[in-house]
Amino acid sequence: MGKTLFDKIWEKHVVRQIDGGPAVLYIDKHFIHEVTSPQAFKGLEQRGMKVLRPQQVVATADHNVPTLQQHLPIKDELSRNQVQQLIENCKKHDIELYGLGHPFQGIVHVIGPELGITQPGMTIVCGDSHTSTHGAFGSIAFGIGTSEVEMVMATQCLMQSKPKLMRINVEGSLNKGVVSKDIILYIIAQISASGATGYFVEFAGSAIRALSMEARMTICNMSIEMGARGGMIAPDDITFDYIKGRLFAPGAAKWERKLAAWKELYSDADATFDKEINLNAADIEPMITYGTNPGMGMGVTARIPAENEVEEKEKPSFLKSLNYMGLQPGTVIKGKKVDYVFIGSCTNSRIEDLRLVASFVKGRKKADGVQVWIVPGSKQVEKQAIAEGIDKVFEEAGFQLRQPGCSACLAMNEDKIPAGKYCISTSNRNFEGRQGQNARTLLASPLTAAVAAITGEIADVRDYL
Amino acid sequence: MSKSINIINSTVVPVNIENIDTDQIIPARFLKATSRDGFGKNLFRDWRFNNDDEQQPKEDFVMNNPAYKGKIMVAARNFGCGSSREHAAWAIKDAGFDVVVSSFFADIFRNNSLNNFLLPVQVSESFLAQLFEAVARDPETAIEVNLEQQTITIVATGAQESFEINSYKKTCLLNGYDDIDYLLSMRNEIEAFETARP
């Protein structure tokens, strides 16, 4: 029987299979950041240990950092302390840190790929659920808790039960105005926020193959929002072209050998999956969420389900959610005023996202009363945006281009959406309070967010193309 | 953190809400700490208090109802989804819980719980409904969770269901072992694995 992409990578990393238990899985790359690592370092030190393989660990400061005036000391004492601890811990354990002020600093899931650290066939972990992003390169990448961060620091291994495998095939061409964010919001709306729990998901099909690496990363990034352990896409020429020449990519001497191995990374034609889902790209519209989990999404012109269309036992959670959002069952969301537009996060803050937004807003101005925050995913993205004059386009449109970090995706720094305000956001989670206490989040693509910035309301991008 | 779990007999705190994400369990603004301690007081912070003010409890949230207390939390399906923050498991454990019962757990939360000797007990939808009904009728309803036997029982009625846990993890929890000890014992094997790789 044929092997899946997942199996091929998994098998190469199992150090030991425990009877009646998990596998001991070898980890190639470990990304760390300031929020989920301090307790792990502390645990390690209590055991009198050092990080086993510091050269396989890469650190950055992203969750907690300000996105304005990064050259100044961080104002918030707790945030400053956490970032300072990361600096000290990395120094003590000989770990490469791309901290504030470093030209490679940025959101951990943006910098790994853009520096060529993320490569096909690897096992990659990070104390962050959106580690699934790296699966876009055909790697097994997933988020872990802090105890597991400590395990990897101490032993370069993790205990993992092998997940079930699901393949989601998206076939055909995308409609005008529909981008990869819409694909993943559509998938999650179809299968729900828990539809892939217990599974590792491979995304396949002609619509996925046609996507750029940035667009593939957006899809894998949100695998966790349907409960999946991770998401992955078989590497192909688009992947190899993206990696080639990047700073930490294999050099000329190793390239051919690596490439030959990477080309073996695909699910065999006769491989079987525990579950398979087939979707048509043509059915996908520009998407928007209306509730407080990412599965509560719909086409931007659709209406929110009426109360009698929701299953009886799901009704309390559904109504609680709409009550929080200040929205009515059975109503249309198009035309709803928005107060904030946030374009950023590990989902949509790459150069391609910024280019897409800039190409739409060029020559247009933001609506009165709307605050627009553009937060690039990394210093490299910021630099590239400036080199291409994208910063000028944003400035003329009245958008604010800030400095790299996780920012208003989780509002750990001061980038918070005020209570009761509506924010159309290119991030990944619309949970209660995610962008600030009582803030109301509407998840959408960079294009749909850009239209909202210009019109001041939720609009259908197809009317403007 | 109390290490090792076997039999837990307790009243329960029922949180009958689906898809509870870890942002609700412990909001991001509390993740700036650098130790594992003290997260319990901020468990479900924004569901417990209006305006982030402990003087303004939300009357309708179960944790503000003194009738409900105990070492077992019962929650509706897809508990612990979203962020991988282990702080969620730390907060629940620190608030005095040893067990969380639900019909469905998010994967990362399940692992984080097990690594903190917080036992996730997955039951059927129908048994979960029975639990919620029994506790709504009588907040004093006692539940017994027996890890050795892998059973959960409503003591008064004897209604019982068995739950799954892999035998490795069960041994760890019963004996207070953690994964890191196991992995450290494999040091030579891990190094040999590294050497043998192409």
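1. Taking contact to mean heavy atoms within 4.5 Å, residues 24 or more positions apart account for 64% of the contacts in chain B with a separation of 6 or more. For chain A, 77% of the contacts between residues at least 6 apart in sequence join residues at least 24 apart.

2. Some housekeeping before going on. Residues are numbered from 1 along each chain as its sequence is written, with chains lettered from A and ligands numbered from 1 in the order in which they are written. Because the model is predicted, local features need pLDDT of at least 70 and side-chain atom pairs count only at pLDDT 80 or more, while totals for chains, interfaces and linings use all residues; side-chain values use heavy atoms, with hydrogens and water left out.

3. What does chain B look like overall? Chain B has eight helices and eight strands; helices (H or I, at least four residues) and strands (E, at least two) are DSSP runs, numbered from the N terminus. The radius of gyration of chain B is 18 Å, close to the 16 Å that the globule rule gives for 198 residues, so chain B is as compact as a globular protein of that length. That radius is taken over C-alpha atoms, and the rule is 2.2 Å times the number of residues to the power 0.38. Along its principal axes, the C-alpha trace of chain B spans about 60 × 40 × 25 Å.

4. Chain A, by comparison, comes to 15 helices and 19 strands. A compact globule of 465 residues would have a radius of gyration near 23 Å, and the 21 Å of chain A agrees with that. The C-alpha trace of chain A spans about 55 × 55 × 45 Å along its principal axes.

5. Now burial and surface. Buried means under 20% relative accessible area, exposed over 50%, and partly exposed in between (1.4 Å probe, protein chains only). On that basis 67% of the 465 residues of chain A count as buried, and 58% of the 198 residues of chain B do. Accessible areas come from the Shrake-Rupley method with a 1.4 Å probe, and for residues only the protein chains shown count as cover. Chain A exposes about 15,900 Å², with carbon and sulfur atoms supplying 49% of it; for chain B the figures are about 8,000 Å² and 46%.

6. On charges, Lys and Arg count as positive and Asp and Glu as negative, with His and the chain ends not counted. Each charge is placed at NZ of Lys, CZ of Arg, CG of Asp or CD of Glu. The mean positions of the 51 positive and 52 negative charges of chain A are 3 Å apart, and those of the 19 positive and 28 negative charges of chain B are 4 Å apart.

7. The structure holds 17 aromatic pairs over all chains. Rings of Phe, Tyr and Trp (its six-membered ring) pair if their centres lie within 6.5 Å; planes under 30 degrees apart count as stacked, over 60 as edge-to-face and the rest as tilted. In one of the pairs, the rings of Tyr26(A) and Phe193(B) have centres 5.4 Å apart and planes at 40°, so the pair is tilted. Tyr26(A) lies in strand E2 (residues 23–26) of chain A and Phe193(B) in helix H8 (residues 187–196) of chain B, so this pair joins two chains. Both Tyr26(A) and Phe193(B) are buried.

8. Phe39(B) and Trp90(B) make another tilted pair, because their ring centres are 5.8 Å apart and their planes at 35°. Phe39(B) lies in the loop between helix H1 (22–25) and helix H2 (45–48) of chain B and Trp90(B) in helix H3 (residues 87–94) of chain B, so the pair ties together parts that are 51 residues apart in sequence. Phe39(B) counts as buried at 3% relative accessibility, and Trp90(B) does too, at 4%. Over in chain A, ring pairs link Phe6(A), Trp10(A) and Phe200(A) into a cluster.

9. Have a look at helix H5 (residues 146–155) of chain A: 10 of its 10 residues are buried, including Glu148(A) and Glu150(A). H5(A) is followed by Gln156(A), whose phi is positive, near 60°.

10. Asp52(B) sits in the loop between H2 and strand E3 (72–75) of chain B, and counts as partly exposed at 28% relative accessibility. Phe117(B) also has a positive phi, near 60°, and lies in the loop between helix H4 (107–114) and strand E5 (119–122) of chain B. Phe117(B) is buried, with a relative accessible area of 1%.
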